[in-house]
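Please open the structure and keep it at hand while you read.

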Amino acid sequence: MVSAPTPELADQATAALTQALSSRSDRFVSVSRRPAGEGYFDREGLLFQSLPDLTRTTEQLMGAEPLIHDLSADPSLRGLTDGLTDAIMGVQTGKLKLDALAYPLNTAATTVEDILSGRPATFSWQALAQGRPSEPHELRRFIDIRPILDYSALEPGKAASDTVRQTAVDLGLASKYQASLKLTGPVALSDEEFATIKEGMFLNEAITVAIVLLILWWALRSAKLIFAVFVNLIVGLSLTAAAGMMMVDALNLISVYFAVLFVGLGVDFGIQFTVRYREERHVVGDLRNSLLVAGKHVGAPLTLAAAAVAAGFFSFLPTDYSGVSELGLIAGVGMLIAFFTSITLLPAMLSLLKPPAEIKPLGFSVLAPLDRFMERRRIPIIVITLLVVMVGLP
């Protein structure tokens with residue numbers, strides 16, 4: 001969209017930019033001004049005005065006729081002076097009303113004052129003919145551009161957008177036409193959203209890593225255990241990203257958030273296995289046996305949890321919204337990958353790192369009575385939970 005102080009400047013800037021962009025077939029499929037048939041409306045626009053608007057326009061043209069006639073014959077300060085002289089004579093002879101000259105004279109005076117003061121000066125014949133300043137919508141022009149998109153980049157339309165902006169600078173739209181340029185439409189908005197993600201990517205990643213490490217330290221309290229779980233998380237995330245690219249070719253603005261879901265949910269599998277290992281290491285003592293017993297106890301619960309979470313994400317697949325569907329596919333596969341690495345890679349790393357034995361028992365001793373109460377009242381609690389869920393259903 002091109003905006004300028006007058007409709008004439010907006011038309012000139014739009015025509016210059018359209019012509020320059022039309023030659024860039026390496027960046028654009030097509031470039032055209034909107035609306036179609038704009039030349040026709042330039043010639044026959046008066047036919048589409050309402051009767052009151054047409055009457056007012058005609059009266060303004062009649063009032064400004066001396067100024068227009070003299071300026072068309074001599075577009076200089078001398079021609080302006082002659083036009084104003086003829087207009088005053090028309091008022092003196094009664095051919096013109098003084099009120100009819102108010103807007104043309106004020107407009108011309110403003111333009112002259114701007115020139116003498118060294119400010120950017122504009123003069124609109126359309127505004128003069130209409131007898132009023134131009135409305136905001138009359139100062140905007142639209143160019144319909146179909147860019148060639150590069151889907152291998154995070155911002156597919158960035159190269160085309162940069163070309164449009166650079167062409168506007170090269171043409172001197174701001175200095176020559178006092179015009180401004182704004183890009184809009186699905187391509188520009190999508191690129192801007194992706195750019196926002198990219199701009200805050202490093203900060204968000206740093207904060208996410210810090211929070212994950214804090215949670216791991218709170219749960220594991222061992223540098224070797226934290227390192228093993230963190231490496232397991234990174235490996236699982238890399239495998240999920242590779243699988244996602246194989247399945248959907250290119251990530252979109254929604255499906256790219258699988259990484260956030262994987263970090264938030266995938267790390268839970270590693271934490272659950274490692275916490276169980278710590279408990280068994282305190283009881284059993286031997287590293288290898290502790291890993292075997294921990295795998296035996298958490299294998300079924302982790303399998304059920306991974307299957308449930310993956311099924312929840314796979315439920316997105318039937319939707320027609322491709323972004324949500326692809327997110328469900330990648331995130332669901334990611335949960336299965338996180339489960340697989342947590343029962344294979346993570347135990348192997350613990351065997352190699354050989355973390356120290358657990359001397360103190362795990363958990364919070366102050367909550368032991370509550371734990372025993374829940375163990376004794378397991379069936380009633382399950383029944384109460386089911387009743388609460390049933391009541392909450394619509």
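The points below cover confidence, salt bridges and aromatic contacts.

This is a predicted model, and the mean pLDDT of its protein chain is 79. The count of salt bridges comes to 6, and there is 1 aromatic pair.

**Confidence**

- In the protein chain, 79% of the residues reach a pLDDT of 70 or more.
- Among the elements of the chain, the highest mean pLDDT, 92, belongs to helix α16 (residues 345–353).
- At the other end is helix α18 (residues 378–392), whose mean pLDDT of 52 is the lowest among the elements.

- Asp-11 and Arg-141 form a salt bridge, with 2.5 Å between the closest N and O atoms.
- This pair links distant parts of the chain, since Asp-11 sits in helix α1 (residues 7–22) and Arg-141 in strand β3 (residues 140–147), 130 residues apart.
- Are the two partners buried or exposed? Asp-11 has 17% relative accessibility, which is under the 20% cut-off, so Asp-11 counts as buried.
- Arg-141, at 12% relative accessibility, counts as buried too.

**A salt bridge between Arg-24 and Asp-26**

- The side chains of Arg-24 and Asp-26 meet in a salt bridge, at 2.9 Å from N to O.
- Arg-24 is partly exposed, with a relative accessible area of 28%.
- Asp-26 is also partly exposed, and its relative accessible area is 42%.

- Asp-162 and Arg-165 meet through their side chains in a salt bridge, at 3.9 Å from N to O.
- Both residues lie in helix α8 (residues 158–171), and because they are 3 residues apart there, about one helical turn separates them.
- Arg-165 counts as partly exposed at 45% relative accessibility, and Asp-162 is partly exposed with a relative accessible area of 34%.
- Salt bridges with shared partners join Asp-162 and Arg-165 with Lys-158 into one network.

**The aromatic pair**

- Two numbers describe a pair of aromatic rings: the distance of the centres and the angle of the planes.
- How are the rings of Phe-313 and Phe-316 arranged? Their centres are 6.1 Å apart and their planes stand at 85°, so the pair is edge-to-face.
- Phe-313 is buried, with a relative accessible area of 10%.
- Phe-316 is partly exposed, with a relative accessible area of 30%.

Key:
Residues numbered from 1 in each chain as written. Predicted model: local features only at pLDDT ≥ 70, side-chain atom pairs only at ≥ 80, totals over all residues. Heavy atoms only, no water. Phe/Tyr/Trp six-rings, centres within 6.5 Å; stacked < 30°, edge-to-face > 60°. Buried < 20%, exposed > 50% of the residue type's maximum accessible area, 1.4 Å probe, protein only. pLDDT = per-residue confidence, 0-100. Helix = DSSP H or I, 4+ residues; strand = E, 2+ residues; numbered from the N terminus. Salt bridge = Lys/Arg side-chain N within 4 Å of Asp/Glu carboxyl O.
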